[in-house]
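Student: Could we go through this structure together, one step at a time?
Tutor: Gladly! Have a look at it first, and then ask away.

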Amino acid sequence: MINHTDSSLRISPIPAFRDNYIWAIENSDGEVVLVDPGDAAPVENFLADSNRSLQAILITHHHADHTGGITQLCKDRKIPVYGPVGNHIKGITHPVKEADIVTLLGAQFEVLAVPGHTLDHLAYFLTIAADHHVTTAPALFCGDTLFAGGCGRLFEGTAEMMYTSLLRIGALPEQTRIYCAHEYTVSNLGFATKAEPDNKAVELRYALELRKREQAIPTLPSTIFDELRTNPFLRCHSVSLKKQVTMHMAQELHSDLETFMYLRRWKDQA
Ligand SMILES: [Zn+2]
């Protein structure tokens, strides 16, 4: 499975653990930047195939399934590891924060602070390739913040933090491709059909993504365009969704943020 961002970079998923994807961004010389290598073994296999060389690592947040491979991968390589500030993640050599720009493979990755799932959570927005002869869609590597059809659990942040982060991601250009870190799409959309039962776009997408999974095809990347139409966590303004949340959570809702908060709780219990 290969997704081209432009003529010079391609983005491939390296499956890890049960449902993680480690994203590999690669130029035509086989130089690779990884996002969230939770496990070194599948990455080494990927690199050995076609003699690729690892150039750098980007980390979105501190959870072990996103960081567990750093030490092993850096053992015999002198490469930069970018990630959240705070010294709490072993192996990070270049701490980054909101609005920093990381230039790798001749492309620019803009750092977005998107707290909620964890307090340290970052996303990387890939916009321009070095040889920008071809204008193509930007890509967002967003870890466990926005998922296709869903969002990450609130382990550390508040509902308000997460909702703000999701709205920020939702405001990116609609053609932006979403490279999140887990294959949760089908289960998320199953929940979405309950949260917004009269949304035809959800129903159609659910059927489409189910078919992909039956053939073991990744459902990612998604796009902001699809998420805005089918992801209930980006649709807290929807009157019909509010009605379902009110019913299931026995709560009167006074704002989109409250809708988000109780929708997240409902999914946690589902
Ligand atoms: Zn996580």
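Student: Are His61 and His63 buried or exposed?
Tutor: Keep in mind that this is a predicted model. A residue counts as buried under 20% relative accessible area and as exposed over 50%. By that cut-off, His61 and His63 are both buried.

Student: Which residues coordinate the zinc ion?
Tutor: His61 and His63 belong to this site, through NE2 and ND1 respectively. The donors sit at 2.2 to 2.3 Å from the zinc ion, and along the chain they follow the spacing H-x1-H-x53-H-x26-D. Reading out the residues, we get His61, His63, His117 and Asp144.

Student: What volume does the largest cavity have?
Tutor: The structure holds one cavity of 30 Å³ or more. Its lining includes Tyr21, Trp23 and Asp36. The volume of this largest cavity is about 30 Å³.

Student: Which element gives the largest share of the lining of the largest cavity?
Tutor: Two elements give two or more residues to that lining: β3 (20-27) and β11 (139-143). By class, the lining has seven nonpolar, two polar and one charged residues. The largest share, three residues, comes from β11.

Terms used
Residues numbered from 1 in each chain as written. Predicted model: local features only at pLDDT ≥ 70, side-chain atom pairs only at ≥ 80, totals over all residues. Heavy atoms only, no water. Donors = N, O, S within 2.8 Å, 3.2 Å for Na, K, Ca; no water. Buried < 20%, exposed > 50% of the residue type's maximum accessible area, 1.4 Å probe, protein only. 1 Å grid on protein atoms, 1.4 Å probe; cavity = no way out; pocket = protein on both sides within 12 Å on 5 of 7 lines; lining within 4 Å. Points joined across faces, edges and corners; volume = space filled by probe spheres on them. Helix = DSSP H or I, 4+ residues; strand = E, 2+ residues; numbered from the N terminus. Nonpolar A, V, L, I, M, F, W, Y, C, P; charged D, E, K, R; others polar.
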